[in-house]
Amino acid sequence: RDAEADVLGMAGGDGSLGAVAAVAVERDVPFVCVPYGTRNHFARDIGLDRKDPLAALESFDGQERRVDVGRLGPRLFLNNVSLGLYARLVHGRERHRRRGAVLARARALALLVREHRGKTAFRIDGEVVAARVVVVACNAYSFELFSIGERESMDDGLLHLYVPHGFRRVTWEERRATEFTLETPQPSLRAAIDGEPAVLRSPLTLRVDPRALRVLVPPRPD
């Protein structure tokens, strides 16, 4: 924390940033992200070099931009909430990340092949949807199979809900709203919130908090 300027900074990965970002939103003070985790999707999407955490320190003297955050009940998330098989893939990649990205992807695909018929009857805003995966993201993502791509916008003011269809050629159905309600037949379900494992209680209420987070980024070159 920068005591004089009242700025909150955090060095860590996606799962660690949310708690500090929540305090920054509550106090309406700027937030500095220093990428120092496994994937650093949030750092990437706000334009930071994920391989150079020291360069991110220039953000303390940088420019402010406002970005959206998501809410799962009272809990803040910066990237996405994943349910179903995708949550298992995220957990698997986390456990095996030290064995290399190629092996982690192979394990993920093996899990997909083994369980591709195992769908859950999610109820999305009252509509029953049978799906292996549901991802609710703060702002729009690009997808390649089960790999999350980048976000072009960080302030479109919407949640984007994704459900995959097909097996050999996966396509993603996308829904957009400021709020979603999800229910499952089971009272509890496993999930990943910004890549961190969590056990949640059904039903889930997710909403977007537009431009709620004040983020500092390094100054642009002249």
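Start by selecting β1 (8-12) and β2 (31-35): five bridges join these two strands, and they run parallel. Strands here are DSSP runs of E with at least two residues, helices are runs of H or I with at least four, and both are numbered from the N terminus. Two strands count as paired if DSSP finds at least two bridges between them. Within this pair, A11 sits opposite V34 of β2.

Before going on, a word on what you have open: this is a predicted model, where local features need pLDDT of at least 70, side-chain atom pairs count only at pLDDT 80 or more, and totals for chains, interfaces and linings use all residues. Residues are numbered from 1 along each chain as its sequence is written, and side-chain values use heavy atoms, with hydrogens and water left out.

Stay on β2 and show its side chains. Five of its five residues are buried (under 20% relative accessible area, with exposed over 50% and partly exposed in between, using a 1.4 Å probe and protein chains only). F31, C33 and P35 lie on one side, V32 and V34 on the other. In a regular strand, side chains alternate between the two faces of the sheet.

Next, pick α1 (14-27). This helix has 14 residues and spans 21 Å from first C-alpha to last, close to the 20 Å expected at 1.5 Å a residue (1.5 Å times one less than the number of residues). Look for a bend of about 25 degrees at V20, taken between axes fitted to the seven residues ending there and the seven starting there. Now colour D14, L17, G18, A21, A24 and V25, which are buried. They pack against β1, β2, α2, β3, β4 (75-77) and β16.

Now click L78. It touches L17, G18, A21, F42, V69, C138, R151, D194 and L213, leaving aside residues up to four places away in sequence; touching means heavy atoms within 4.5 Å.

L78 is also among the residues with the most contacts inside the largest nonpolar core, which has 26 residues. Such a core is a set of buried Ala, Val, Leu, Ile, Met, Phe, Trp, Tyr and Cys residues joined through side-chain atoms within 4.5 Å. β16 (204-217) gives the most to this core, with five residues.

Last stop: the open sheet of six strands, ordered β12-β11-β8-β5-β14-β15 with antiparallel pairing. Its edge strands are β12 (171-177) and β15 (196-201). Inside, select β5 (80-84) and β8 (133-138), joined by five bridges, and find V81 with its bridge partner V136 in β8.
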